[in-house]
Amino acid sequence: AQSFSGTRNMRIYPNPTNGEFINVDLNFNPSEGSRLAILNTQGVEVMNLMGVGTSNRIELNSLTPGMYMLKFSSHELTEMRKFIVK
């Protein structure tokens with residue numbers, strides 16, 4: 001297992017997105033079983049991705065415009081980021 005020191009960072013772009021896709025870059029190697037999920041403002045999961053890598057592109061399949069939360073979760077970490085679909 002690789003040890004990690006420093007700040008774990010998650011970068012999402014483009015933000016705002018046009019609703020086609022969003023990229024999620026991690027500056028660490030996510031552990032087995034990590035997942036990315038997209039939640040709407042009600043906290044309902046509208047999309048998720050298993051098998052997360054350091055660089056991920058999530059097809060948004062034309063999510064309706066509005067604000068969403070991107071949630072990364074693993075055994076070590078849960079990280080949330082807001083993004084906007086224009």
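Which residues does Leu60 touch, not counting residues up to four places away in sequence? The close-ups below, all from a predicted model, start with that one.

**View 1. Leu60 and its contacts.**
Leaving aside residues up to four places away in sequence, Leu60 touches Thr17, Gly19, Glu20, Phe21, Ile22, Ile38, Met47, Phe83 and Val85. Two of those names, Ile38 and Phe83, come back in the next view, where they are listed with Leu60 among the residues with the most contacts inside the largest nonpolar core.

**View 2. The largest nonpolar core.**
This core has 19 residues. Ile38, Ile58, Leu60, Leu70 and Phe83 are the ones with the most contacts inside it. As for who contributes, the elements giving two or more residues are strand 1, strand 2, strand 3 (35-39), strand 6 (66-73) and strand 7 (78-85).

In general, strands of a sheet pair through backbone hydrogen bonds. Zooming in on one pair, strand 1 and strand 2 (residues 21-26) run antiparallel and are joined by four bridges. Look for Ile12, which stands opposite Val24 in strand 2.

**View 3. Arg11 and Asp25, a salt bridge between two strands.**
How far apart are the closest N and O atoms of this salt bridge? They are 4.0 Å apart. Arg11 lies in strand 1 and Asp25 in strand 2, so the pair ties together parts that are 14 residues apart in sequence. Are the two partners buried or exposed? Arg11 is partly exposed, with a relative accessible area of 48%, while Asp25 has 19% and is buried, because buried means under 20%.

**View 4. Glu45 and Arg35, another salt bridge.**
The closest N and O atoms of Glu45 and Arg35 are 2.9 Å apart. This pair links distant parts of the chain, with Glu45 in strand 4 and Arg35 in strand 3, 10 residues apart. Glu45 has a relative accessible area of 37%, which makes it partly exposed. Arg35 also counts as partly exposed, at 24% relative accessibility.

**View 5. Glu59 and Arg57, side chains that meet.**
The side chains of Glu59 and Arg57 form a salt bridge, 3.0 Å from N to O. Glu59 is partly exposed, with a relative accessible area of 42%, and Arg57 counts as partly exposed at 46% relative accessibility. If you are keeping a tally, a search of the whole structure finds four salt bridges. As a general point, side chains of opposite charge can pair when their charged atoms come close.

**View 6. Val52, a buried loop residue.**
Where does Val52 lie? It is in the loop between strand 4 (45-50) and strand 5 (55-59). At 12% relative accessibility, Val52 counts as buried, because the cut-off for buried is under 20%. Not counting residues up to four places away in sequence, Val52 touches Leu26, Pro30, Ser34, Arg35, Leu36 and Phe72. For a sense of distance, Val52 and Arg11 are 41 residues apart in sequence and 14 Å apart in space, C-alpha to C-alpha.

Conventions:
Residues are numbered from 1 along each chain as its sequence is written. This is a predicted model: local features need pLDDT of at least 70, side-chain atom pairs count only at pLDDT 80 or more; totals for chains, interfaces and linings use all residues. Side-chain values use heavy atoms; hydrogens and water are left out. Buried means under 20% relative accessible area, exposed over 50%, partly exposed in between (1.4 Å probe, protein chains only). Contact means heavy atoms within 4.5 Å. Two strands pair if DSSP finds at least two bridges between them. A nonpolar core is a set of buried Ala, Val, Leu, Ile, Met, Phe, Trp, Tyr and Cys residues joined through side-chain atoms within 4.5 Å.
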